[in-house]
Amino acid sequence: MANLICKTSKYLVLVFMALYTIKCYTYFTAKDREKRNSNLNKQIFYIFMIHFLCHIMLFINKEDVTVLIYYVVEIIIAILYIVLFRIFYKNSSKLMTNNVAFLMLIGYTVLLRLSPKLAVRQFILASIGLGVTIFIPFILGKFRNLKDRYILFGIFGILLLLSVFLPGVGKVVNGSRNWIDLKFISLQPMEFVKIIFIFFVASSLVKLSTLKELIINAAISAGFMLVLVLEKDFGAVMLFYVVYFSMVYLATSRAIFPILGLIFMVAACALGYMLFKDSLFAHIVVRVLAWKDPFAYQDTYGYQVCESLFGISSGGFAGTGLGNGMPYLIPVAESDFIFSAICEELGVIFGLALILIYLSSFIAMQNIAMKCKQPFYKYVTFGIAISYIFQVFLNIGGAIKFIPSTGVTLPLVSYGMSSVFSTLICFAIVQFVYILVSKEADDFEKERERIAYGEGSQNVSRNETVPGKRTRKSKEKSNKE
């Protein structure tokens with residue numbers, strides 16, 4: 001009986017996952033607000049059903065009552081987040097609110113399967129993050145001159161990156177010196193600096209008027225990336241690089257800049273590899289070798305990638321069922337390779353749908369950016385969208401051997417408080433811009449109605465006749481009679 005329930009739940013999860021994903025895209029095609037809201041409300045039902053069925057499978061396989069306790073607490077926090085965000089910000093994007101809640105619930109569930117201790121830690125810290133970031137749209141509304149603070153963003157961002165080199169504070173993880181240990185908590189400054197970097201680039205581009213200013217902007221941006229190179233955090237370097245040239249292209253509409261960016265990136269990688277392959281690039285060389293032929297180094301460099309591919313293939317399209325696979329064999333399955341663990345037990349179909357859900361948030365962010373009339377917030381939203389989807393690409397690309405592993409987490413799903421907190425901040429900023437766009441649209445509609453009403457009134461006044469007087473036509477008509 002238990003086996004039948006698990007199998008039924010496994011397939012129902014795939015059905016609800018497909019329905020949720022479809023609603024992510026029918027949201028964009030809905031022609032009226034009622035239809036759109038109906039789709040979004042159905043999404044909430046699918047979220048809760050997927051979460052419930054996953055915990056049923058975990059409970060049956062683990063036979064642990066605490067799984068049900070975790071389920072209740074997680075679902076309460078998710079409901080509070082969705083409801084409170086809609087109450088505080090009536091014009092906020094419900095699609096993004098739903099996606100945030102859904103991705104975080106998936107993350108909690110998979111982490112509970114892999115490591116209950118990490119799952120509880122992630123849940124507590126992420127819940128605090130939700131409570132803090134829900135006020136960000138309100139706080140941003142109080143700051144009117146952020147676009148003028150590019151010097152402050154530049155200095156503060158670089159100093160925060162350099163904090164990893166402070167003695168007794170910075171620490172090396174997986175070959176990269178990109179963490180700081182504050183005794184009570186460990187943080188990855190890069191996750192927060194990428195937001196500051198986006199604000200710096202956006203505020204610089206708003207004031208950009210000459211080639212000289214663009215060169216200065218590029219030089220300071222290169223300073224951010226140089227610090228990341230010294231940290232040996234090359235995944236972050238690629239992220240910052242792509243974000244920078246994407247934002248410059250949006251601001252200038254000149255294709256020459258991304259083309260030059262691609263040329264510089266290839267040249268810098270080739271030169272750096274030739275000069276520093278035995279020192280600065282040593283651990284990158286190992287990852288490239290593992291990517292080129294992981295099975296040739298299955299017992300050493302390629303072990304992670306091999307186990308990741310084995311896990312995905314063993315799960316197949318439908319997965320083994322939550323709790324029936326062996327994702328714990330994949331090294332760092334809770335963070336860098338969590339996508340492989342998801343595909344093994346929940347199925348490749350689930351994994352593909354997850355990618356589409358990430359993509360729907362990216363499309364929503366791009367729509368918001370393109371509709372925003374304020375250049376600063378347009379650039380910020382666009383930069384966040386590029387950063388978000390490129391981070392997804394780096395994580396999943398490394399897990400499926402499409403690109404070398406970069407050590408980048410999967411937003412809102414992987415274990416890592418720095419990543420989760422920074423992503424929540426990014427979503428809150430985009431929500432603020434969405435509220436701005438909604439207000440701009442409402443103001444435009446009111447102005448159009450006012451103009452239309454004014455013209456109508458003028459037309460009426462022109463056609464009205466003054467009581468006691470006859471018009472030329474009425475006079476002629478009277479004479480004929």
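The questions and answers below go through some features of this predicted model.

Residues are numbered from 1 along each chain as its sequence is written. Local features need a pLDDT of at least 70 and side-chain atom pairs 80 or more, while totals for chains, interfaces and linings use all residues, and side-chain values use heavy atoms, without hydrogens and water.

Q: What is the average pLDDT of the protein?
A: The average is 86, and 92% of the residues score at least 70; pLDDT is the predictor's confidence in each residue, from 0 to 100. Over residues 460-481 the value is below 50. Where pLDDT is low, the predicted coordinates should not be read in detail.

Q: Why is Met-274 called exposed?
A: Exposed means over 50% relative accessible area, buried under 20%, and partly exposed in between (1.4 Å probe, protein chains only). Met-274 has 59%, so this residue counts as exposed.

Q: What makes Phe-376 and Tyr-377 an edge-to-face pair?
A: Rings of Phe, Tyr and Trp (its six-membered ring) pair if their centres lie within 6.5 Å; planes under 30 degrees apart are stacked, over 60 edge-to-face, and the rest tilted. The centres of Phe-376 and Tyr-377 are 5.0 Å apart and the planes are at 70 degrees, so the pair is edge-to-face. Both residues are buried.

Q: What makes Glu-345 and Arg-113 a salt bridge?
A: The term needs a side-chain nitrogen of Lys or Arg within 4 Å of a carboxyl oxygen of Asp or Glu. Here the N to O distance is 2.9 Å, so the pair qualifies. Glu-345 lies in helix 14 (residues 338-346) and Arg-113 in helix 4 (residues 94-114), so the pair ties together parts 232 residues apart in sequence. Helices (H or I, at least four residues) are DSSP runs, numbered from the N terminus.

Terms used: Contact means heavy atoms within 4.5 Å. Helices (H or I, at least four residues) and strands (E, at least two) are DSSP runs, numbered from the N terminus.
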